[in-house]
Amino acid sequence: QVRLVESGGGLVQSGGSLKLSCAASGFTFSTYAMGWFRQAPGKEREFVATIGFTGRATDYADSVKGRFTISRENAKNTAYLQMNSLKPEDTAVYYCAKARGAFSRSNADAYDSWGQGTQVTVSS
């Protein structure tokens, strides 16, 4: 079965950086797009970033563009989210997700497997 395990979350001061990792298993990682989503208390889960199966195509939410970078290392079955210039409004549980296909997508229904999430808290 598909398993996605996020790590790297924590408490960081506004303006700081964190790098999240998503360790994947149970499927052929190199053939699927991956994504990152986040959910703050009382809010719906929202798209953050996505990356195609080769790692060449990426897309980002406007709110994180220029600050966050999604990447992947297919040989390690791992996806990453580098977060720089963090703001308090970035505070959320961040989820890694596996897409249904090879190409990057920003809609949550294009993903069929989800990790349990990792908490990111940005203090002011």
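**Labels and their grounds**

Guide: Cys22 has a relative accessible area of 0% and is buried. This is a predicted model.

Visitor: What makes Cys22 buried?
Guide: The cut-off for buried is under 20% relative accessible area. Cys22 comes to 0%, so the label applies.

Visitor: What about Cys96, buried or exposed?
Guide: Cys96 also has a relative accessible area of 0%. With the cut-off at under 20%, Cys96 is therefore buried.

Visitor: How do you know that Cys22 and Cys96 form a disulfide?
Guide: A disulfide needs cysteine sulfur atoms within 2.5 Å. The sulfur atoms of Cys22 and Cys96 are 2.0 Å apart, so the pair qualifies. By this rule the count is 1 disulfide.

Visitor: Which parts does the pair tie together?
Guide: Cys22 sits in strand S3 (residues 18-25), and Cys96 sits in strand S9 (residues 92-99). The parts joined are therefore 74 residues apart in sequence.

Visitor: What is the handedness of the link between Cys22 and Cys96?
Guide: Left-handed, with -75 degrees about the S-S bond.

Visitor: How many helices and strands are there in the protein?
Guide: The protein has 0 helices and 11 strands.

Visitor: Why does the radius of gyration agree with a compact globule?
Guide: For 124 residues, a compact globule would have a value near 14 Å. The protein has 13 Å, so the two agree.

Visitor: How much of the protein is buried?
Guide: Buried residues are 41% of the 124.

How values were computed: Residues numbered from 1 in each chain as written. Predicted model: local features only at pLDDT ≥ 70, side-chain atom pairs only at ≥ 80, totals over all residues. Heavy atoms only, no water. Helix = DSSP H or I, 4+ residues; strand = E, 2+ residues; numbered from the N terminus. Rg over C-alpha atoms; globule rule 2.2 N^0.38 Å. Buried < 20%, exposed > 50% of the residue type's maximum accessible area, 1.4 Å probe, protein only.
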